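The following exercises are to be worked through with the sequence and the three-dimensional structure at hand.

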Amino acid sequence: QHFNAYRQYYEFDVSNQGQGFDGYPTTETNMRPHEKKDVYFDLKNEGASDWVNNGPGVVRLGTDAPQDRSSPFYDSSTWISKNRASTFSQKVVIDQNQTKQLVNTNVVKPGEIARFTFSVTAPSNGGSWLERYKLVSEGKQWFPRDLRLSFRANVSTNTYSWKSLGQHIFTDA
């Protein structure tokens, strides 16, 4: 029994290798209501199975805390659904100079790093939002390791006001 639980854990395992907004590494961003930004997560396949981005067992980034909820950051142009932000289409290859390069792929083998990219659209109400995700192999299982994959978006709803400081009338006299 313990062996099966261990094998299941080991089959789908992951580690976070970096994340950011609009190409820059960070876990936090400032946004205005309805503003759109691109997000990425670089996640390493630490398990025993290949990850695929289509067909049975496709690996996707799903909403978490609570699991499978509709996201207030859902972006209809890039998300798979309101509770699935993306799958990968690239892997990160690090060369001998420690330079990251992105390579298009449909499969991420154990030891390789997948790049999950998607856009988020800020909700209309302001505040500090913590958005959480977890990997899922569709039709099989959610990944057991909870890395608390997340970002914080501070949505500012600045209101603009004005007042008259004076008035002057020009005349042609």
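The exercises below proceed from the whole chain to single residues.

This is a predicted model, in which local features need pLDDT of at least 70 and side-chain atom pairs count only at pLDDT 80 or more, while totals for chains, interfaces and linings use all residues. Residues are numbered from 1 along each chain as its sequence is written, and side-chain values use heavy atoms, with hydrogens and water left out.

**Exercise 1. Overall architecture**

Task: Determine how many helices and strands the protein chain contains, and state their pattern along the sequence.

Solution: Step 1. Helices (H or I, at least four residues) and strands (E, at least two) are taken as DSSP runs, numbered from the N terminus. Step 2. The count gives one helix and 13 strands. Step 3. In sequence order the pattern reads α-β-β-β-β-β-β-β-β-β-β-β-β-β.

**Exercise 2. Dimensions and burial**

Task: Compare the radius of gyration of the protein chain with that of a compact globule of 173 residues, and describe its burial and contacts.

Solution: Step 1. The radius of gyration is taken over C-alpha atoms, and the globule rule is 2.2 Å times the number of residues to the power 0.38. Step 2. The rule gives a value near 16 Å, whereas the protein chain has 21 Å. Step 3. Along the principal axes, the C-alpha atoms fill a box of roughly 95 × 40 × 25 Å. Step 4. Of the 173 residues, 40% count as buried; buried means under 20% relative accessible area, exposed over 50%, and partly exposed in between (1.4 Å probe, protein chains only). Step 5. With contact defined as heavy atoms within 4.5 Å, 68% of the contacts between residues at least 6 apart in sequence join residues at least 24 apart.

**Exercise 3. The surroundings of Ser49**

Task: Decide whether Ser49 is buried or exposed, and identify what its side chain meets.

Solution: Step 1. Ser49 is located in the loop between strand 4 (36-45) and strand 5 (51-52). Step 2. Ser49 counts as buried because its relative accessibility is 18%. Step 3. Setting aside residues up to four places away in sequence, Ser49 touches Glu11 and Pro110. Step 4. Its side chain makes a polar contact with the side chain of Glu11, at 3.2 Å. A polar contact is a pair of N or O atoms within 3.5 Å; within protein, one must be able to donate a hydrogen and the other to accept it, and residues adjacent in sequence count only if both atoms are side-chain atoms.

**Exercise 4. The loop position of Gly111**

Task: Locate Gly111 and name its contacts.

Solution: Step 1. The loop between strand 9 (107-108) and strand 10 (113-121) holds Gly111. Step 2. Its relative accessible area is 46%, so Gly111 is partly exposed. Step 3. Apart from neighbours within four places in sequence, Gly111 is in contact with Lys44 and Asn45. Step 4. Gly47 is 64 residues away from Gly111 along the chain, yet their C-alpha atoms are separated by 8.0 Å.

**Exercise 5. Backbone geometry**

Task: Examine phi at His34 and Arg148, and the peptide bond between Ala65 and Pro66.

Solution: Step 1. Most residues other than glycine have a negative phi, and most peptide bonds are trans. Step 2. His34, in the loop between strand 3 (28-31) and strand 4, has a positive phi near 70°. Step 3. Arg148, in the loop between strand 12 (141-142) and strand 13 (149-155), has a positive phi of about 55°. Step 4. His34 is exposed at 56% relative accessible area, and Arg148 is exposed at 54%. Step 5. A cis peptide bond, with omega about 0°, joins Ala65 and Pro66; Pro66 lies in the loop between strand 6 (59-64) and strand 7 (84-94).
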